[in-house]
Every structure is written in C-alpha cells, then in structure tokens.
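Visitor: Could you walk me through this model, cut-offs included?
Guide: Gladly; here it is, and your questions can follow.

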Amino acid sequence: MTKNYTLQNISAGGCFGWQIISHSSHSINVELKGKSGRLYFSEAVSGNCVRMPNSQGAGTCDDTDLSLTFTCDNELSLVQLSHDLLSDGGEPIGRSYHYNGSIERNPAEDIHVVITVWNSAKKILSEKEFIAECFYRYLSENGRYLFNYVSDDLVAAYYND
C-alpha cells in the first residue's frame, strides 16, 4: 500500500528536520522528495519494542513543495496534522507536519513521523547593517530607551548612520 502527501507553501532555501518513530515489526518505507525531483531522504524503518527514533536528520530545502510517500506491504492508516510555526512577533516562519498511524489498525503496530520546515532564521547582514542592528539592540535592551524613543531625531540619525 502506498500513501502520498504534499507539503506545500515552503520557502526555498529554508531548513527542515525529520524524526520517524515506528513500533511496528513490519517494514515501512518513508520517502521525502522535492518538486524538482531531489530526494531528501528515503528510510526503511521498523522497530520491535523500543520507542526511540528509528530515523532522524536535518537538511536544507531547495523546493517550495515536497512530496511525502509511505510504502508498506500491509494496510496503513494515517492521520495528518499540521500547524504553523510562529516567530516572537506572530509571523509565520515555517510549518510542522505530523503523521500518526498504524498498520492493520493495530495500535501496537504504530508509526509517528514529524517533519518540520522553517525559513532560514539568520539572514546575512552587511557590516553597516550589523552595526546598526547592534546599536538598535543596545538602545532597546539596556532599558535606557524604549522602542518609541527611536523616533527621536538624534537617535534616528545615529541609527541611520
């Protein structure tokens, strides 16, 4: 039995991580591919009695859409759950996908897959941007100035320079 899922609205150049936990004695193949055809991982997992990750890893994502495929010789029932990852300011910075299921509807033959995709958290700053960012943080984090004080003409002039 083969099941396909699509992971959409992913920022190219971001990062992703995965973790697969299987408590099944059956072998399940889990494969993640990009729209461009790039294979990100292909794992054949099975576990006997230990609830530890059978497979985990991370990498960079070059595609905007990913395809997740589960292949198993037996009936595989899966439920997909997903949620946005938010920054401190409430901006979406990525998405987490959870796949929970079992083989032959037997809870003892379960599988859990988590794939998290997020935007690159750190952008590369020029020297001028780096110094301006450090100065702004100094003003806002040392309690000497509040965020609205940056609208002061003198502080704004220093920040702009």
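Visitor: Leaving aside neighbours within four places in sequence, which residues is S67 in contact with?
Guide: A word on the model first: it is predicted, so local features need pLDDT of at least 70 and side-chain atom pairs count only at pLDDT 80 or more, while totals for chains, interfaces and linings use all residues. Residues are numbered from 1 along each chain as its sequence is written, and side-chain values use heavy atoms, with hydrogens and water left out. S67 sits in strand β6, strands being DSSP runs of E, at least two residues long, numbered from the N terminus. With contact meaning heavy atoms within 4.5 Å, the partners of S67 are Y5, E31, L32 and K33.

Visitor: How is S67 classed, as buried, partly exposed or exposed?
Guide: Buried means under 20% relative accessible area, exposed over 50%, and partly exposed in between, using a 1.4 Å probe and protein chains only. S67 has a relative accessible area of 29%, so the class is partly exposed.

Visitor: What separates the C-alpha atoms of S67 and L39?
Guide: These two residues are 28 residues apart along the chain. The separation of their C-alpha atoms is 9.6 Å.

Visitor: Is S77 buried or exposed?
Guide: S77 lies in strand β7 and, leaving aside neighbours within four places in sequence, contacts K3, N100, G101, S102 and R105. Its relative accessible area is 18%, so S77 is buried.

Visitor: What is the phi of R105, roughly?
Guide: R105 is in the loop between β8 and β9, and it is exposed because its relative accessible area is 60%. E104, in the loop between β8 (92–103) and β9 (106–118), has a positive phi of about 55° although it is not a glycine. R105 is likewise not a glycine, and its positive phi is near 55°.

Visitor: Which residues of the largest nonpolar core touch the most other members?
Guide: A nonpolar core is a set of buried Ala, Val, Leu, Ile, Met, Phe, Trp, Tyr and Cys residues joined through side-chain atoms within 4.5 Å. The largest core has 26 residues, and those touching the most other members are L68, F70, I111 and I115. Strands that each supply at least two of its residues include β1 (2–7), β6 (66–72) and β9.

Visitor: Which element gives the most to the lining of the second largest pocket?
Guide: On a 1 Å grid over the protein atoms alone, a pocket is an open set of points where a 1.4 Å probe fits, with protein on both sides within 12 Å along at least five of seven lines; lining residues have an atom within 4 Å of a point. Of the 15 lining residues here, the closest to the centre are Q8, N9, I10, G94 and R95. The elements giving two or more residues are β7, β8 and β9. With five residues, the top contributor is β8.

How values were computed: Helices (H or I, at least four residues) and strands (E, at least two) are DSSP runs, numbered from the N terminus.
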